[in-house]
Amino acid sequence: MTPFGALTGRALTTGHGTENDFILVPDPDGELRLDAADVVAACDRHAGLGADGLIRVVRSAALPEGAAALAEDPTAEWFMDYRNSDGSVAEMCGNGVRVFVHYLRERGLVELPAGGGVVVGTRAGARRVTFDGERYTVEMGTWAMPGGAEAVAAGYDVVVRIPGLDAPRGGLRVTMPNPHTVVALPDEGELAAAVLTGEPAYEPVPPQGTNLELVVPLGEDDGDGEPVGRVRMRVLERGVGETRSCGTGTCAAALAVRAWAGPGAPDTWRVLVPGGEVTVRVLGETVTLTGPAALTADVTLLG
């Protein structure tokens, strides 16, 4: 056996969304038997291609998980089968789904002109993605704060000990639908001081793990007659480590900062991450995420 298992000799593509990078594996008919070890080997940054995650490009009809997406929306022909770099399966990836749709468009697998949209399947359900000619906007679905109004009023429902910071910090849980914990820091100095190579300690311990977003609110700007909030963020992704960006994490960050700001807070947020910038818009119980996507190379793993 080669270290890349079922991926050996296959034509793959790499891409990124705000430098959150992925390996895309075409498998339209669901014939590939992909295991966690294959994903880990391919995503290894020293002995493989290197990536934050792997996306299998497969038709929804070829997967049991795709049946739920098709039941929700029969037009969801394609399914984003997403794996973290440690081989674990994730519900959704906001940056990954933009790269996924960009791949479908570039390869001629979907018709997506500027101003058009397409529905794709994910483990979080069917997601509509639109294209404005430059950037992609994802309808990210519903969000929730598991601690409810009490947590929002207190400002936190988790205590987090973060290496590099001198004291425990309060965090607010957000599901998007991946689990997130958002911690506000007072300035960019503390943001830089946080060490995200180790594992923070959470109280209570999240039963399914959590992504951790560290944020510094940066105030508001005027954007076409409406206030636009700004926030800077670093993220520690469950099953990956620190990444340059996290799509669901930017949504969670915007929602938490908006909750902390109270009534009258903006619905639109510019979230600045190490890999670039995305825009999050809150639409009641749902949010959208707008950002770029790029393909970087076509490659073959030799083993």
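**The annotated active site and its surroundings**

Tutor: Cysteine 246 is located in the loop that runs between strand E14 (241-243) and helix H6 (247-261). The model is a predicted one. With a relative accessible area of 3%, cysteine 246 is buried. Its contacts, apart from neighbours within four places in sequence, are Asn20, Asn95, His180, Asn211, Met233, Val235 and Glu237.

In the unreviewed UniProt entry, the annotation "active site" covers Cys246 together with Cys93. The two span 154 residues in sequence, yet no two of their C-alpha atoms are more than 7.5 Å apart, so they gather at one spot. Both Cys93 and Cys246 belong to the lining of the largest cavity.

Cysteine 93 is likewise found in a loop, here between strand E4 (78-84) and helix H3 (94-106). It is buried because its relative accessible area, 5%, falls under the 20% limit. Residues up to four places away in sequence aside, cysteine 93 touches Asn20, Phe22, Met80 and Tyr82.

A second annotation concerns the surroundings. The unreviewed UniProt entry places the feature "binding site" at Asn20, Asn84, Gly94, Asn95, Asn178, Asn211, Glu237, Arg238, Gly247 and Thr248. From this set, the lining of the largest cavity takes in Asn20, Asn84, Gly94, Asn178, Asn211, Glu237, Arg238, Gly247 and Thr248.

Asparagine 84 lies in strand E4 and is buried, with a relative accessible area of 3%. Beyond its neighbours within four places in sequence, asparagine 84 is in contact with Val39, Asp52, Gly53, Val89, Ala90, Arg238, Gly239 and Val240.

Arginine 238 occupies the loop between strand E13 (226-237) and E14. Leaving aside neighbours within four places in sequence, its contacts are Asn84, Glu91, Asn178, Pro179, Gln208, Gly209, Thr210 and Asn211. For glutamine 208, the backbone oxygen lies 3.1 Å from a polar atom of the arginine 238 side chain.

Key. Residues are numbered from 1 along each chain as its sequence is written. This is a predicted model: local features need pLDDT of at least 70, side-chain atom pairs count only at pLDDT 80 or more; totals for chains, interfaces and linings use all residues. Side-chain values use heavy atoms; hydrogens and water are left out. UniProt positions are given in the numbering used here, feature names are shortened, and annotations may be inferred rather than shown by experiment. On a 1 Å grid over the protein atoms alone, a cavity is a set of points where a 1.4 Å probe fits but cannot get out, and a pocket is an open set with protein on both sides within 12 Å along at least five of seven lines; lining residues have an atom within 4 Å of a point. Helices (H or I, at least four residues) and strands (E, at least two) are DSSP runs, numbered from the N terminus. Buried means under 20% relative accessible area, exposed over 50%, partly exposed in between (1.4 Å probe, protein chains only). Contact means heavy atoms within 4.5 Å. A polar contact is a pair of N or O atoms within 3.5 Å; within protein, one must be able to donate a hydrogen and the other to accept it, and residues adjacent in sequence count only if both atoms are side-chain atoms.
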